[in-house]
Amino acid sequence: MAAAMSFILPGLGQVYRGKIFQGFAWGPAVLLGYLAYVLPGLLLHLLCVINARSGDATS
């Protein structure tokens, strides 16, 4: 669920899992990546989704 949420809105999956600071950091980072160029934005977005999915499933 967290990965899907981060796919739709970067950082939302981290906030859903209780990682508030990470969530609010991922959003602007991905946005800046897209503004710089499409490839860095896509890479950061993918890393954001992976980060939201990783870790303990109960947290």
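User: Where is the place of Ile 50?

Analyst: In this predicted model, where local features need pLDDT of at least 70, side-chain atom pairs count only at pLDDT 80 or more, and totals for chains, interfaces and linings use all residues, Ile 50 sits in helix 4. Helices here are DSSP runs of H or I with at least four residues, numbered from the N terminus. Residues are numbered from 1 along each chain as its sequence is written, and side-chain values use heavy atoms, with hydrogens and water left out.

User: How does Ile 50 count at its relative accessibility?

Analyst: Ile 50 counts as partly exposed, because its relative accessibility is 48% and the class lies between buried, under 20% relative accessible area, and exposed, over 50%, with a 1.4 Å probe and protein chains only.

User: And what separates the C-alpha atoms of Ile 50 and Ser 6?

Analyst: A distance of 8.9 Å separates them, although the two residues are 44 apart along the chain.

User: What about Leu 47, where does that one lie?

Analyst: Leu 47 also belongs to helix 4, and at 39% relative accessibility this residue is partly exposed.

User: Switching to packing, at what angle do the axes of helix 3 and helix 4 cross?

Analyst: The axes of helix 3 (residues 20-36) and helix 4 (residues 38-53) cross at roughly 160 degrees and come within 6 Å, and so helix 3 is roughly antiparallel to helix 4, a label for angles over 145 degrees. Axes are lines fitted to C-alpha atoms over the stretch in contact, with angles running from 0 to 180 degrees between N-to-C directions.

User: Gln 14 next, buried or exposed?

Analyst: Gln 14, whose place is in helix 2, is buried, with a relative accessible area of 0%. The C-alpha atoms of Gln 14 and Ser 54 are separated by 10.0 Å, and these residues are 40 apart along the chain.

User: Which residues make the nonpolar surface patch?

Analyst: Phe 7, Ile 8, Leu 9 and Leu 12 make a nonpolar surface patch of about 440 Å². Patch residues have over 30% relative accessible area and no salt bridge, and nonpolar side chains (Val, Leu, Ile, Met, Phe, Trp, Tyr) are joined within 5 Å; a salt bridge is a side-chain nitrogen of Lys or Arg within 4 Å of a carboxyl oxygen of Asp or Glu.

User: Where is Leu 9 found?

Analyst: Leu 9 is in the loop between helix 1 (2-8) and helix 2 (12-16), and it is partly exposed at a relative accessible area of 48%.

Definitions and conventions:
Patches are made of residues with over 30% relative accessible area and no salt bridge: like charges are joined within 9 Å, nonpolar side chains (Val, Leu, Ile, Met, Phe, Trp, Tyr) within 5 Å. Accessible areas come from the Shrake-Rupley method with a 1.4 Å probe; for residues, only the protein chains shown count as cover. Helices (H or I, at least four residues) and strands (E, at least two) are DSSP runs, numbered from the N terminus. Angles under 35 degrees count as roughly parallel, over 145 as roughly antiparallel, 65 to 115 as roughly perpendicular and the rest as oblique.
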